[in-house]
Amino acid sequence: MTQRVLIIRHGEDPPDDRVHTYVVEAGYEPDIRRPFKGEPLGDIDGSVAGTVIHGGPFNAYDTDKHPFLADEYRWIDQSLKADIPVLGICQGAQMIAYHLGAEVGATSEGKAEFGYYRIDPSEGAEDFMTVPVWCVQSHFHTFSIPDGAKHLASSALFPNQAFSVGEKVYGLQFHPEVTIEGFRRWQQRESWLEGRPGIQAKEEQNALMAAHDAAQADWFYAFLSKLFGRAGDP
(Lines give C-alpha, C1' and ligand atoms only; values in the text may rest on other atoms or scores of the structure.)
Protein backbone atom coordinates (compact mmCIF):
# COMPACT_ATOMS: atom_id res chain seq x y z
CA MET A 1 0.00 0.00 0.00
CA THR A 2 1.34 3.43 -0.97
CA GLN A 3 1.97 5.61 2.07
CA ARG A 4 0.65 9.13 1.76
CA VAL A 5 0.93 12.34 3.72
CA LEU A 6 -2.32 14.27 3.54
CA ILE A 7 -1.56 17.98 3.16
CA ILE A 8 -4.31 20.51 3.89
CA ARG A 9 -3.82 23.82 2.09
CA HIS A 10 -5.76 27.06 2.55
CA GLY A 11 -4.68 28.90 -0.59
CA GLU A 12 -3.61 28.54 -4.20
CA ASP A 13 0.18 28.65 -3.80
CA PRO A 14 1.96 26.04 -5.92
CA PRO A 15 3.40 23.01 -4.09
CA ASP A 16 6.97 24.32 -4.11
CA ASP A 17 7.44 24.60 -0.36
CA ARG A 18 9.72 22.49 1.84
CA VAL A 19 6.93 20.28 3.17
CA HIS A 20 6.10 19.10 -0.33
CA THR A 21 9.78 18.71 -1.23
CA TYR A 22 10.46 16.60 1.86
CA VAL A 23 7.38 14.41 1.45
CA VAL A 24 8.33 13.53 -2.14
CA GLU A 25 12.02 13.02 -1.34
CA ALA A 26 11.13 10.73 1.59
CA GLY A 27 9.14 8.45 -0.70
CA TYR A 28 5.61 9.42 0.37
CA GLU A 29 2.74 10.36 -1.90
CA PRO A 30 1.78 14.01 -1.27
CA ASP A 31 -2.03 14.01 -1.09
CA ILE A 32 -2.99 17.70 -1.30
CA ARG A 33 -6.53 18.68 -0.29
CA ARG A 34 -8.13 22.12 -0.28
CA PRO A 35 -11.30 21.90 1.82
CA PHE A 36 -12.01 25.61 1.26
CA LYS A 37 -12.64 24.67 -2.39
CA GLY A 38 -14.98 21.83 -1.41
CA GLU A 39 -12.43 19.01 -1.59
CA PRO A 40 -13.31 16.31 0.99
CA LEU A 41 -10.76 14.91 3.42
CA GLY A 42 -12.24 11.44 3.84
CA ASP A 43 -11.25 9.32 6.81
CA ILE A 44 -8.00 8.04 8.26
CA ASP A 45 -6.98 4.67 6.85
CA GLY A 46 -3.86 2.54 6.78
CA SER A 47 -2.37 4.48 3.87
CA VAL A 48 -2.09 7.74 5.84
CA ALA A 49 1.42 8.09 7.26
CA GLY A 50 0.91 11.62 8.57
CA THR A 51 -0.73 14.96 7.94
CA VAL A 52 0.24 18.62 7.60
CA ILE A 53 -2.21 21.51 8.08
CA HIS A 54 -0.83 24.64 6.42
CA GLY A 55 -1.40 28.29 7.23
CA GLY A 56 -4.01 30.51 5.64
CA PRO A 57 -6.34 33.49 6.01
CA PHE A 58 -9.12 31.79 7.98
CA ASN A 59 -9.72 32.32 11.70
CA ALA A 60 -9.49 29.04 13.57
CA TYR A 61 -12.72 29.77 15.46
CA ASP A 62 -14.86 30.80 12.45
CA THR A 63 -16.55 27.45 11.86
CA ASP A 64 -19.95 29.13 11.40
CA LYS A 65 -18.53 31.49 8.77
CA HIS A 66 -16.43 28.77 7.11
CA PRO A 67 -18.20 25.40 7.49
CA PHE A 68 -15.34 23.54 5.77
CA LEU A 69 -13.27 24.12 8.93
CA ALA A 70 -15.52 21.63 10.71
CA ASP A 71 -14.29 18.92 8.34
CA GLU A 72 -10.70 19.94 9.08
CA TYR A 73 -11.35 19.67 12.81
CA ARG A 74 -12.87 16.23 12.26
CA TRP A 75 -9.69 15.25 10.39
CA ILE A 76 -7.48 16.67 13.14
CA ASP A 77 -9.44 14.73 15.75
CA GLN A 78 -9.12 11.48 13.77
CA SER A 79 -5.41 12.10 13.25
CA LEU A 80 -4.77 12.62 16.96
CA LYS A 81 -6.71 9.48 17.85
CA ALA A 82 -4.88 7.48 15.17
CA ASP A 83 -1.51 8.49 16.68
CA ILE A 84 0.01 9.54 13.35
CA PRO A 85 2.49 12.42 12.94
CA VAL A 86 0.62 15.74 12.78
CA LEU A 87 2.16 19.12 11.92
CA GLY A 88 0.22 22.38 12.04
CA ILE A 89 1.79 25.53 10.63
CA CYS A 90 0.45 29.01 11.52
CA GLN A 91 -3.33 28.65 11.04
CA GLY A 92 -2.82 24.90 11.28
CA ALA A 93 -1.09 25.26 14.65
CA GLN A 94 -3.84 27.59 15.85
CA MET A 95 -6.44 25.01 14.82
CA ILE A 96 -4.71 22.21 16.72
CA ALA A 97 -4.43 24.44 19.78
CA TYR A 98 -8.08 25.53 19.50
CA HIS A 99 -9.23 21.92 19.09
CA LEU A 100 -7.39 21.10 22.33
CA GLY A 101 -9.12 23.90 24.22
CA ALA A 102 -6.57 26.72 23.95
CA GLU A 103 -7.34 30.34 23.13
CA VAL A 104 -6.50 31.75 19.70
CA GLY A 105 -6.80 35.19 18.15
CA ALA A 106 -5.21 38.60 17.77
CA THR A 107 -3.35 40.32 20.59
CA SER A 108 -4.79 43.37 22.33
CA GLU A 109 -1.93 45.47 20.90
CA GLY A 110 -2.65 44.37 17.34
CA LYS A 111 0.98 43.41 16.79
CA ALA A 112 2.11 41.17 13.95
CA GLU A 113 5.14 39.49 12.43
CA PHE A 114 5.91 39.56 8.72
CA GLY A 115 9.46 38.86 7.63
CA TYR A 116 12.26 36.83 9.20
CA TYR A 117 12.32 36.65 13.01
CA ARG A 118 14.53 34.93 15.55
CA ILE A 119 12.95 31.84 17.10
CA ASP A 120 14.41 30.90 20.49
CA PRO A 121 14.04 27.36 21.85
CA SER A 122 12.49 27.01 25.29
CA GLU A 123 14.47 25.64 28.20
CA GLY A 124 14.26 21.87 28.03
CA ALA A 125 13.28 21.86 24.33
CA GLU A 126 16.75 21.16 22.95
CA ASP A 127 15.47 18.07 21.14
CA PHE A 128 13.25 20.41 19.11
CA MET A 129 15.72 23.23 18.42
CA THR A 130 19.25 23.42 19.79
CA VAL A 131 20.07 27.04 18.86
CA PRO A 132 18.01 30.06 17.76
CA VAL A 133 16.85 29.99 14.12
CA TRP A 134 15.59 32.94 12.07
CA CYS A 135 12.38 31.89 10.32
CA VAL A 136 9.66 33.29 8.08
CA GLN A 137 6.61 34.76 9.80
CA SER A 138 3.29 36.01 8.46
CA HIS A 139 0.63 36.40 11.15
CA PHE A 140 -1.12 38.60 13.70
CA HIS A 141 -3.07 35.87 15.48
CA THR A 142 -1.49 33.67 18.12
CA PHE A 143 -2.38 30.77 20.40
CA SER A 144 -2.07 29.85 24.04
CA ILE A 145 -0.41 26.55 24.89
CA PRO A 146 -2.97 23.73 25.30
CA ASP A 147 -3.18 21.94 28.63
CA GLY A 148 -0.74 19.05 28.67
CA ALA A 149 1.29 20.40 25.74
CA LYS A 150 4.98 21.32 25.89
CA HIS A 151 6.11 24.88 25.15
CA LEU A 152 8.94 24.68 22.61
CA ALA A 153 9.87 28.14 21.33
CA SER A 154 9.27 31.89 21.47
CA SER A 155 10.13 35.12 19.66
CA ALA A 156 10.64 38.64 20.96
CA LEU A 157 7.11 39.69 19.95
CA PHE A 158 5.12 36.47 20.43
CA PRO A 159 6.02 34.20 23.36
CA ASN A 160 4.19 31.16 21.97
CA GLN A 161 5.86 30.04 18.75
CA ALA A 162 5.74 26.26 18.99
CA PHE A 163 4.29 23.43 21.07
CA SER A 164 4.15 19.66 21.01
CA VAL A 165 1.67 17.13 22.29
CA GLY A 166 3.39 13.84 22.94
CA GLU A 167 5.99 12.78 20.41
CA LYS A 168 4.00 13.11 17.17
CA VAL A 169 1.97 16.34 17.26
CA TYR A 170 3.54 19.75 16.65
CA GLY A 171 2.24 23.26 16.14
CA LEU A 172 4.48 25.97 14.68
CA GLN A 173 3.44 29.62 14.49
CA PHE A 174 6.32 30.35 12.09
CA HIS A 175 6.79 29.23 8.47
CA PRO A 176 10.04 27.31 7.95
CA GLU A 177 8.45 25.61 4.95
CA VAL A 178 8.56 28.84 2.92
CA THR A 179 11.36 29.15 0.37
CA ILE A 180 12.85 32.37 -0.96
CA GLU A 181 10.62 32.08 -4.03
CA GLY A 182 7.58 31.56 -1.84
CA PHE A 183 8.35 34.53 0.36
CA ARG A 184 8.86 36.73 -2.72
CA ARG A 185 5.26 35.92 -3.67
CA TRP A 186 4.10 36.83 -0.19
CA GLN A 187 5.91 40.16 -0.35
CA GLN A 188 3.84 41.04 -3.41
CA ARG A 189 0.46 40.35 -1.84
CA GLU A 190 0.50 40.50 1.98
CA SER A 191 -0.56 44.16 2.11
CA TRP A 192 -3.18 43.34 4.77
CA LEU A 193 -0.38 43.26 7.34
CA GLU A 194 0.99 46.71 6.48
CA GLY A 195 0.92 49.24 9.28
CA ARG A 196 0.70 46.72 12.11
CA PRO A 197 3.34 47.06 14.82
CA GLY A 198 6.14 44.54 14.41
CA ILE A 199 6.24 44.32 10.61
CA GLN A 200 9.71 44.52 9.09
CA ALA A 201 10.57 46.84 6.22
CA LYS A 202 11.11 45.05 2.91
CA GLU A 203 14.82 45.91 2.92
CA GLU A 204 15.23 44.24 6.31
CA GLN A 205 13.26 41.20 5.14
CA ASN A 206 15.52 40.79 2.13
CA ALA A 207 18.72 41.12 4.15
CA LEU A 208 17.55 38.61 6.75
CA MET A 209 16.37 36.24 4.02
CA ALA A 210 19.81 36.21 2.44
CA ALA A 211 21.50 35.68 5.79
CA HIS A 212 19.25 33.00 7.27
CA ASP A 213 17.27 31.07 4.65
CA ALA A 214 19.81 28.24 4.39
CA ALA A 215 19.92 27.66 8.16
CA GLN A 216 16.11 27.74 8.31
CA ALA A 217 15.97 25.06 5.60
CA ASP A 218 18.56 22.87 7.32
CA TRP A 219 16.67 22.99 10.62
CA PHE A 220 13.29 22.28 9.06
CA TYR A 221 14.38 19.34 6.92
CA ALA A 222 16.00 17.76 9.99
CA PHE A 223 12.80 18.35 11.96
CA LEU A 224 10.62 16.79 9.23
CA SER A 225 12.94 13.78 9.03
CA LYS A 226 12.60 13.20 12.75
CA LEU A 227 8.81 13.64 12.72
CA PHE A 228 7.83 11.77 9.54
CA GLY A 229 10.79 9.52 8.80
CA ARG A 230 10.78 7.87 5.39
CA ALA A 231 8.23 5.75 3.58
CA GLY A 232 8.77 2.10 4.42
CA ASP A 233 10.53 2.75 7.73
CA PRO A 234 9.49 0.23 10.41
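**View 1. Strands β4 and β11 pair in parallel in this predicted model.** Four bridges join β4 to strand β11, which comprises residues 169-172. Across this pairing, Leu 87 stands opposite Tyr 170 in β11. Strand β4 itself covers residues 86-89. Val 86 and Gly 88 point one way from β4, whereas Leu 87 and Ile 89 point the other way. All four of these residues of β4 are buried.

**View 2. Strand β3 pairs with β4, and the chain passes between them through α2.** Strand β3, residues 48-53, runs parallel to β4 and is joined to β4 by three bridges. Val 52 stands opposite Leu 87 in β4.

**View 3. Helices α2 and α3 pack against each other.** Packing of two helices is described by the angle between their axes and the distance between the axes. For α2 (residues 68-82) and α3 (residues 91-99), the angle is about 70° and the axes are 10 Å apart. Because angles of 65 to 115 degrees count as roughly perpendicular, α2 is roughly perpendicular to α3. Helix α2 contributes Leu 69, Glu 72, Tyr 73, Ile 76, Asp 77 and Leu 80 to the contact. Helix α3 contributes Gln 91, Met 95, Ile 96, Tyr 98 and His 99. By class, the contact of α2 with α3 comprises seven nonpolar, two polar and two charged residues.

**View 4. Nine strands form an open sheet with mixed pairing.** The strand order is β2-β1-β3-β4-β11-β10-β9-β6-β7. The edge strands are β2 (29-33) and β7 (133-139), each of which pairs on one side only. From one strand to the next, the twist averages 25°.

**View 5. Strands β1 and β2 pair in parallel.** Five bridges join β1, residues 4-8, to β2. The bridge partner of Val 5 in β2 is Pro 30.

Conventions
Residues numbered from 1 in each chain as written. Predicted model: local features only at pLDDT ≥ 70, side-chain atom pairs only at ≥ 80, totals over all residues. Heavy atoms only, no water. Axes fitted to C-alpha atoms, helices over the stretch in contact; angles between N-to-C directions. Helix = DSSP H or I, 4+ residues; strand = E, 2+ residues; numbered from the N terminus. Parallel < 35°, antiparallel > 145°, perpendicular 65-115°, else oblique. Contact = heavy atoms within 4.5 Å. Nonpolar A, V, L, I, M, F, W, Y, C, P; charged D, E, K, R; others polar. Buried < 20%, exposed > 50% of the residue type's maximum accessible area, 1.4 Å probe, protein only. Pairing = 2+ DSSP bridges. Right-handed = clockwise from strand over helix to strand, strands pointing away.
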